[in-house]
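Hello,

Here is the structure I said I would pass on. My notes on it follow below.

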Amino acid sequence: MSEVWSPGNVRKIYTRLSGTDFYARLMKRPFLVLTVVLIGFVLVLSVFAPVIAPQDPNATDLYGKNQGPSEEHVFGTDYLGRDLFSRTLCGLQTSMAIALTTIFVTFFIGTAIGCYSAYHGGWVDNVFARIIDVFLAFPSIILALALITLIGPGIFNMILMLAVVQWASFARLMRGQVLSEKNREYVQSAKAAGLPAWMIMVKHIAPNCIMPVLILATMDIGHTILAISTLSFLGLGIPPSVPEWGSMINSGLNYMRIAPLNVIIPGLAITVVTLLFNIAGEGLRDVSDPNSDNTVAL
Amino acid sequence: MKTILEVLSLNVTFPTRNGRILASQEISFQVNEGEICVLVGETGSGKSVIGQSVLHLLPESAEVTGSIRYFDKEIFMISEEQYAPLRGKEISLIPQNPGGSLDPIMKNGKQIAEVLDHHKSKEKKTGTVFNILSRLGFLSPRLIAQEYPHELSGGMRQRLTTGIALASKPRLLIADEPTKGLDYVARKKTMEMFSQLKENKHDSILMITHDLDLAEMIGDTVGVMYSGELVEFGKVEDVFCSPKHPYTRGLLKALPRNGMVPMPGISPGLGDLPGGCYFHGRCDICCSEGEAVHPDWYFGDGRGVRCHKY
Amino acid sequence: MHHYIIKRTGYLLLTLIIASLFTFVIVNAIPGETAEILTKHLFVGIDEVAPPEMVAEVASRYNLNKPLLEQYADWVFGIAQGDLGDSLLFNRPVSKLLGNAIPPTIMLTAVSITFSILIGLALGIYSALHRNNIADHIIRIATIFSVSMPGFWVAVVLILIFSVWLGLLPVAGYGGAEYIILPAIALGLHTTASIIRIMRTSLLDTMEKPFVVFARAKGLSARKVVFGHACKNAFLPVLTVIGMSFGSLLAGSVVIESIFAWPGIGNLLIKAISARDLVLIESTIMVIVFMFLVVNFVIDLLYHTIDPRITYE
């Protein structure tokens with residue numbers, strides 16, 4: 001596995017990318033480049049959030065609760081007097097950490113299973129295909145909710161749950177890709193050369209199939225963030241003291257009339273971050289598809 | 001014999017992200033009633049654009065000058081509303097790619113019926129549809145009318161699209177690349193079909209093709225296109241037996257029956273045309289003026305050529 | 001064709017059975033837990049501690065020590081006889097609770113998807129036909145925003161604007177037309193946006209196809225070309241999206257129904273989960289899965305009526 005991502009190979013992929021069409025097409029879409037830059041900014045922000053935040057997100061001040069914007073509190077305070085701006089900022093860290101971890105795990109498990117299943121073929125593939133179908137028969141949140149009854153709330157459990165719910169779409173996509181690739185000539189020649197199956201899958205087939213799955217991953221980050229916030233909104237995920245946008249909106253519901261920013265701001269944050277990833281995902285899809293030069297907006 | 005179609009100094013340019021594409025430059029020719037005029041050229045020579053222009057189907061971004069006259073009436077530089085009564089009724093298209101040109105989710109019969117006069121009753125229209133289908137050679141018109149295009153063979157689809165074009169009894173047919181991509185048998189059948197059309201009536205046809213054999217067999221007059229320009233025009237017998245333009249000569253020499261001698265070089269793309277004669281450098285009688293000076297169109301007596309040597 | 005229907009029905013049942021097994025296992029996997037929860041619900045109270053002897057007694061009385069598969073079989077037999085057990089939270093038969101909860105959810109979902117389809121198709125077609133117009137740009141920006149907004153937040157903001165600030169509509173509840181408007185909008189926003197986008201893309205794609213060019217060349221009016229040929233052909237991918245949207249609608253209804261106190265299945269499920277009412281949870285999830293699978297099944301069959309080229313092996 002480490003051989004695939006060796007510096008030599010990464011450089012090869014980079015030169016392959018920049019030498020081609022893909023890079024030129026990317027550069028033609030300044031909005032997309034801007035979006036990618038913004039995502040980078042968001043990621044940096046999420047890493048340093050607790051340091052940047054002007055106030056301690058957990059510092060309560062019961063005399064100053066549910067206040068509007070002021071010099072001290074840019075967005076005002078919540079029902080426990082905590083600074084909304086700082087909590088929102090730190091919520092970014094929470095969301096990104098969980099979302100990225102989940103996507104990472106889901107990506108690797110899903111693609112590994114999909115690839116193996118498709119490559120192996122036969123009854124193995126049939127079994128896995130049925131399993132994937134069963135998982136996909138559940139609307140995602142429902143499955144997550146069912147699992148919560150089993151394992152209870154909590155951050156680690158949430159990652160586990162989301163991974164269980166989302167791996168199937170990656171697996172299905174990867175499986176489809178590998179199924180169409182596995183009969184190509186380069187695979188036949190690799191087999192004829194006696195290369196072991198895992199090597200063929202990892203070094204040869206996977207790099208050719210990976211693009212659509214990467215695009216799915218980018219767009220899935222957005223969905224994951226939405227799912228995380230929804231589950232915490234329902235009170236089924238993160239403990240309410242940890243700043244998380246969904247649970248912040250939930251807590252703010254009771255005081256909606258007097259301190260509406262508490263429900264508006266975190267929701268805006270969710271929307272903006274999800275929006276960035278959605279635009280990036282779609283933009284990547286357009287760039288990698290040579291047929292899409294007519295409907296460019298971003 | 002009246003002139004049914006006259007094209008005068010047609011210029012069509014497409015502005016694109018990568019530059020300006022000069023698809024048609026100063027195209028002038030005419031078609032007389034009952035004649036079959038064939039425009040031949042390689043892919044990218046701009047011949048399809050002429051067909052689109054006559055049908056008033058150019059994309060909105062196209063920049064156009066020139067004139068096209070149908071029975072002495074201007075039909076090019078007019079609005080869509082003014083052209084609409086002609087399209088599909090007096091001027092029809094037999095499209096390239098019959099399979100793709102048929103709506104996959106509409107029954108065959110209905111696709112013919114659509115072109116018929118919608119004031120007629122349904123029974124009358126159905127009757128007409130069956131008539132057309134049997135005349136096209138379909139043995140069970142009732143069945144065919146109820147089926148879908150994907151249930152027909154390639155040749156049947158070709159006949160169907162031709163039938164649709166003929167259904168409204170047009171006076172001018174535009175046949176767009178009728179033998180493109182066809183295998184030997186289908187090509188032969190298509191050529192036979194056009195022979196029949198030629199024999200039967202006084203159909204005036206403007207045919208656009210790369211198929212020289214088809215042009216020779218069917219055409220009355222022929223125009224040779226190169227890089228967006230007309231480089232030769234005249235009666236089929238004259239042009240094929242004594243070609244004037246070196247490109248035409250090259251085309252004929254490249255035919256399998258003549259030895260399949262290829263021409264050197266490639267034709268310039270329509271977005272990247274040189275200053276002088278476009279054929280300069282590939283020409284067997286290449287001249288020095290051709291490098292910088294663009295040759296004019298010399299026309300007389302029904303015969304035209306664009307070359308410095310005339 | 002009939003062969004296909006039979007095959008798909010069989011497949012549907014198979015998936016359903018596996019899904020039910022899956023659900024049952026997830027919910028009841030830890031027998032100790034199940035017994036404990038049961039004890040708490042039935043005897044001591046949810047927040048109390050359940051003494052181990054009581055738990056053991058409950059376990060044997062309710063056959064919780066049997067192998068999981070046997071318990072599953074018992075459950076399935078019960079369902080076949082119409083008995084889904086009694087809810088621990090409400091102390092009423094689950095079948096009754098579900099019976100009351102299903103109609104509101106169907107109503108909400110139906111209203112939501114109808115409006116989504118109507119508005120989605122209209123705006124999608126408009127957007128495609130007036131490409132790169134100002135209106136088109138606004139629509140496209142609005143759709144990508146809508147897809148990025150969490151459903152529950154949309155619901156909350158709608159309540160804030162229309163109930164709290166403007167006082168035009170009720171905050172929550174179940175009653176006449178005014179109660180369904182906000183939930184339907186909140187629920188349907190994502191779907192509407194998705195439909196607009198797919199219809200736009202699909203129609204733009206279709207308009208380039210040779211048969212549309214030929215339809216124009218045939219001299220047909222613009223309306224006939226666009227609506228008679230292009231739109232019908234463009235609709236197939238939209239159907240796929242509609243099918244997929246049902247899943248997110250059902251998922252979304254869980255949240256939306258809770259916020260608006262809409263007495264549907266989603267609401268029921270949330271209450272059941274909060275109270276760890278295992279009996280209710282398994283049945284409710286199964287009903288949702290069943291609805292989802294059936295809708296997809298119907299949509300699958302619809303493909304053939306729309307596109308006669310689609311054949312089934």
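How many residues does the contact take from chain B, and how many from chain C? Chain B gives 19 residues and chain C gives 17. Please keep in mind that this is a predicted model. On the side of chain B that touches chain C, 10 residues are nonpolar, five are polar and four are charged.

Contacts between the chains

Two pairs of chains are in contact, and of these chains A and C share the most contacts. In that pair, 37 residues of chain A meet 39 residues of chain C. On the chain A side, the elements that give two or more residues are helix 5 (122–136), helix 6 (140–151), helix 9 (197–233) and helix 11 (261–288) of chain A. Chain A and chain B do not touch, and their nearest C-alpha atoms are 11 Å apart.

Chain B

Chain B has 11 helices and 12 strands. Its radius of gyration is 20 Å, close to the 19 Å that the globule rule gives for 310 residues, so chain B is as compact as a globular protein of that length. The C-alpha trace of chain B spans about 70 × 45 × 45 Å along its principal axes. Of the 310 residues of chain B, 42% count as buried. Among contacts in chain B with a separation of 6 or more, 64% come from residues 24 or more positions apart.

One residue to look at in chain B is Glu26(B), which sits in strand 2 (residues 19–32) of chain B. Its phi is near 50 degrees, a positive value in a residue other than glycine. Glu26(B) counts as partly exposed because it has 17 C-beta neighbours inside 10 Å, and a residue needs 20 or more to be buried.

Chain C

Chain C is divided into domain 1 (2–80) and domain 2 (103–263). The C-alpha centres of domain 1 of chain C and domain 2 of chain C lie 39 Å apart.

Helix 10 (residues 222–259) of chain C packs against helix 12 (residues 278–306) of chain C at an angle of about 175 degrees, with the axes 10 Å apart. The two helices are therefore roughly antiparallel. Helix 10 of chain C contributes residues including Phe235(C), Leu239(C), Ile242(C) and Phe246(C), and helix 12 of chain C contributes residues including Ile288(C), Phe292(C), Val295(C) and Ile299(C). By class, this contact of helix 10 with helix 12 of chain C has 14 nonpolar, three polar and no charged residues.

Asn132(C) lies in the loop between helix 5 (94–129) and helix 6 (134–148) of chain C. Asn132(C) has a positive phi of about 65 degrees although it is not a glycine. With 11 C-beta neighbours inside 10 Å, Asn132(C) counts as exposed.

A loop residue in chain A

Leu80(A) is found in the loop between helix 3 (30–52) and helix 4 (84–120) of chain A. Leaving aside residues up to four places away in sequence, Leu80(A) touches Thr60(A), Leu62(A) and Lys65(A). Thr60(A) is 20 residues from Leu80(A) along the chain, and their C-alpha atoms are separated by 5.4 Å. Leu80(A) is partly exposed, with 17 other C-beta atoms within 10 Å.

Regards

Conventions: Residues are numbered from 1 along each chain as its sequence is written. Chains are lettered from A and ligands numbered from 1 in the order in which they are written. This is a predicted model: local features need pLDDT of at least 70, side-chain atom pairs count only at pLDDT 80 or more; totals for chains, interfaces and linings use all residues. Two residues are in contact if their C-beta atoms, placed from the backbone, lie within 7 Å. Ala, Val, Leu, Ile, Met, Phe, Trp, Tyr, Cys and Pro count as nonpolar, Asp, Glu, Lys and Arg as charged, and the others, Gly among them, as polar. Helices (H or I, at least four residues) and strands (E, at least two) are DSSP runs, numbered from the N terminus. The radius of gyration is taken over C-alpha atoms; the globule rule is 2.2 Å times the number of residues to the power 0.38. A residue is buried if 20 or more other C-beta atoms lie within 10 Å of its own, exposed if 12 or fewer, and partly exposed in between; C-beta atoms are placed from the backbone. Axes are lines fitted to C-alpha atoms, for helices over the stretch in contact, and angles run from 0 to 180 degrees between N-to-C directions. Angles under 35 degrees count as roughly parallel, over 145 as roughly antiparallel, 65 to 115 as roughly perpendicular and the rest as oblique. Domain bounds come from an automatic or database domain assignment.
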